[in-house]
Amino acid sequence: MFFSKSSKKIDRSERILPEHVGIIMDGNGRWAKKRGMPRQAGHRVGAENFRKITRYCNSIGIKYLTVYAFSTENWKRPKEEVDALMSLFYDYLVEALRDFREENIRTRFIGDVTAFAPELQRLIKETEELSADKTGMCLNIAMNYGGRDELVRAVQMIAKDVTDGKLSAEDVTAELISSQLYTAGQPDPDLIIRPSGEYRTSNFLLWQSAYSEYVFMDDILWPDFTTENLEEALDEYAKRNRRFGGV
């Protein structure tokens with residue numbers, strides 16, 4: 001794990017939690033391969049773990065959780081695996097509409113969902129609409145999402161407003177760009193967690209994560225990620241001194 005060298009002990013009863021947590025759910029395929037199973041089996045176990053971690057985050061008071069489920073680059077994977085993921089997403093949404101109905105979690109999907117099959121798009125819309133009035137944690141599920149793609153989309157919308165005379169070039173600010181992102185109106189992620197031993201951002205929340213704290217966990221794959229692993233990452237976050245470029 002990439003943790004700080006601080007020996008500071010954390011009292012979890014007094015610990016300040018991050019408002020917004022991002023998780024790159026990585027390692028499903030490798031988890032399955034280590035067990036001689038097809039990659040699809042790892043994705044299914046990973047999806048089950050996602051539901052557990054989501055409920056736990058809501059229960060401890062995390063206000064925003066953004067999970068990386070399917071990137072714009074994931075279409076490059078073998079068709080069999082992509083088809084299995086699409087089927088898994090469909091099954092998850094059906095289950096979410098049934099099982100999450102009583103959960104106080106507001107669900108949003110970030111990314112270009114128009115690339116998905118019409119029936120999957122319908123379930124995405126229904127899930128968002130049915131949870132829109134929930135007052136608990138906001139869950140962002142990044143599907144067909146890429147940070148660069150998100151920025152291109154935002155710049156295109158701003159450029160159109162400039163062309164149409166609604167804005168001038170001088171009106172373009174960091175705040176304006178933020179307002180055109182999928183996460184508009186939400187705080188930037190305070191903490192981003194990535195299990196699996198990969199030490200990169202993989203095109204996840206590029207603009208929003210400018211000052212995020214990262215915790216990379218190199219000894220665990222996503223299907224094995226537990227609530228205690230999450231607590232360890234939250235403890236590590238609590239030790240960090242966030243200066244945002246200041247002293």
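Predicted model: local features only at pLDDT ≥ 70, side-chain atom pairs only at ≥ 80, totals over all residues.
Local features were considered at pLDDT of at least 70 and side-chain atom pairs only at pLDDT 80 or more, whereas totals for chains, interfaces and linings use all residues. Residues are numbered from 1 along each chain as its sequence is written, and side-chain values use heavy atoms, with hydrogens and water left out.

Helices (H or I, at least four residues) and strands (E, at least two) were taken as DSSP runs and numbered from the N terminus. Strand β1, spanning residues 20-24, is mostly covered, with 5 of its 5 residues buried, where buried means under 20% relative accessible area with a 1.4 Å probe and protein chains only. His-20, Gly-22 and Ile-24 point one way from β1, while Val-21 and Ile-23 point the other way. Two strands are said to pair if DSSP finds at least two bridges between them, and β1 pairs with β2 in the parallel sense over 5 bridges; within this pairing, Ile-23 has Val-67 of β2 as its bridge partner. Strand β1 also runs parallel to strand β5 (residues 191-195), to which 3 bridges join it, and the bridge partner of Gly-22 in β5 is Ile-192.

The largest pocket has a volume of about 720 Å³, the volume being the space filled by probe spheres set on the points, which are joined across faces, edges and corners. Its lining comprises 30 residues, of which Met-25, Asp-26, Ala-69, Asn-74 and Arg-77 are the closest to the centre. At least two lining residues come from each of α1 (28-34), α2 (39-60), β2 (64-71), α3 (79-99) and β4 (137-145), and α2 gives the most, with 5 residues.

With a disulfide defined as a pair of cysteine sulfur atoms within 2.5 Å, the count comes to 0 disulfides. The sulfur of Cys-57 has its closest cysteine sulfur in Cys-138, 13 Å away, and is therefore too far for a bond. Cys-138 is likewise in no disulfide. Cys-57 is buried, with a relative accessible area of 1%, and Cys-138 is also buried, with a relative accessible area of 1%.

Conventions. Buried < 20%, exposed > 50% of the residue type's maximum accessible area, 1.4 Å probe, protein only. 1 Å grid on protein atoms, 1.4 Å probe; cavity = no way out; pocket = protein on both sides within 12 Å on 5 of 7 lines; lining within 4 Å.
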